[in-house]
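User: Please take a close look at a single part of the structure shown here and describe it in one connected account.

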Amino acid sequence: MKTKDQTLTVSIDRFDGTSHYQTTHDVPTRDNQTVLDVVTWIQQHDDPTLSYRFACRVGMCGSCAMNINGEPKWSCRTHVSKVVDAGSALRISPLRNMPILRDLSVDMTPFFDKWTQAVGYFVPTQTKDDPLPAIKSDDRDRAKANQSIECINCGICYSACDVVAANDAYLGPAALNRAWTLVNDERDGGAKERLEAVSSDAGCHNCHSQHGCSTYCPNLLAPATSIAGLKRQTLLNLLPWGSHDD
Amino acid sequence: MIDARLYLLQRLTAIAMLPLIATHLILMIVAINGGLTAEEILGRTQGSVGWALFYGSFVIFAAIHGAIGFRTIAYEWLIPNIRICSVASFGLLIVLIGLGLRAVYAVIVL
Amino acid sequence: MKHRSHPLWKAFVVHRISGLALALFLPVHFFVLGLALEGAESLNAALKFSELPFVKSAEVLLVLLLAVHLLGGIRILILELTQLSWDQRILNRSAFSLSVVIAGIFLWSAV
């Protein structure tokens, strides 16, 4: 491992509200140092104006996502030693596909708006007075939703997606992945509206199965597989003879 | 950009073309042996209802499939204006169907 | 750009470029066959042109593009329209390898 007197050259893509520029910093290396440690060191010792987001520091909240040497990752779960070879530099930039507010902080409003657009919210069919439906863990629909839950809305898949980059309106992997879990939730009553929303010209059919989302999801979800599921489900609804994904 | 119906049309034409393309590939490999001549091509195709249906449907499926693909590529890589891309891809559809059916007519009927 | 350095992103580009090239080639292909309207001699003249090494290589490339687009397309249909969870990276590599074999057989038959 690196010793204390070594330094790492870090360049950061900056934005101050009007202009884009780059700053470079020499950061002392430490054992088991994460990229979030590096960014925090820079803000505390070198440039207090550096803006970035974090909260939990342990890969649970999803707020510290950024582009690290060109790949979207959680900075708190990315060890410097894993992304920087001896003698090379570290380059940090904000997530793609969202407006930059300042430096490494992006405006995630469009990302969350698309969750709503995709009807990525639970539509209840019962009240609290009704008995809870028992869903067995090996239920077929539950199994299909299984691999898509645990999304924490970090925006990494959205940043990795080149279809979003090419088409502002595209709902993107996170919202569609959420829609897929709900389509398979038998307690949910919003299927019709949701399948219409994801069949629009901003919907799941824009996906080119590039698998950027599934490649980079830090929670190892497979949004591309969920989107393929939505494609099948929506097509079955278009065909006169089909109504369910079998 | 692309909605469920256009997507379905593109996938259906793709599926329909699977056996057609496989046949076309095999035929090309067989026919290129010893060089291509007009007599050889026309000898196979002229007056054949089967080949007329084969190539006629192939042209139409390929034109639809290609035009939808072109529309997406044009939007994502060239001009992010869906109206312009739709008009251009419709133009491509007409050109492909027009020239394609003319070619089928040429090798079957004459 | 490093986010694009995985096999399925490259497969997407190959599928898109091959499809685009085929769509742009089709009018030429149809035009040449349409020459039969002017009689077998016109078509033969055009076919003779295809004996040139440069044109012949272009033909092999087109066969490769068609095979790549067909087999890559089958991979996409399996991924999107079936629930088979076959390894897409293996399918992708197989599709590309088989395409090269098909283009190779065409080249071998053509010379």
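User: How many residues of domain 1 of chain A are in contact with domain 2 of chain A?

Analyst: This is a predicted model, in which local features need pLDDT of at least 70 and side-chain atom pairs count only at pLDDT 80 or more, while totals for chains, interfaces and linings use all residues. Residues are numbered from 1 along each chain as its sequence is written, and chains are lettered from A and ligands numbered from 1 in the order in which they are written.

In chain A, 14 residues of domain 1 are in contact with 15 residues of domain 2 (contact: C-beta atoms, placed from the backbone, within 7 Å). Strand 3 and strand 4 of chain A each supply at least two residues of the side of domain 1 that touches domain 2 (strands are DSSP runs of E, at least two residues, numbered from the N terminus). Strand 4 of chain A gives the most to that side, with four residues. The domains span 7-106 and 109-238, with bounds from an automatic or database domain assignment.

Strand 3 (residues 65-68) of chain A has A:A65 and A:N67 pointing one way and A:M66 and A:I68 the other, and all are buried (20 or more other C-beta atoms within 10 Å of the residue's own, C-beta atoms being placed from the backbone). Four bridges join strand 3 to strand 4 (residues 71-74) of chain A in an antiparallel arrangement (pairing requires at least two DSSP bridges), and A:M66 stands opposite A:K73. These strands form a hairpin with two residues between them, and A:N69 in the turn has a positive phi of about 45°. Strand 3 of chain A also pairs with strand 5 (residues 90-93) of chain A, antiparallel over two bridges, where A:I68 stands opposite A:I92.

Key:
A residue is buried if 20 or more other C-beta atoms lie within 10 Å of its own, exposed if 12 or fewer, and partly exposed in between; C-beta atoms are placed from the backbone. Two residues are in contact if their C-beta atoms, placed from the backbone, lie within 7 Å.
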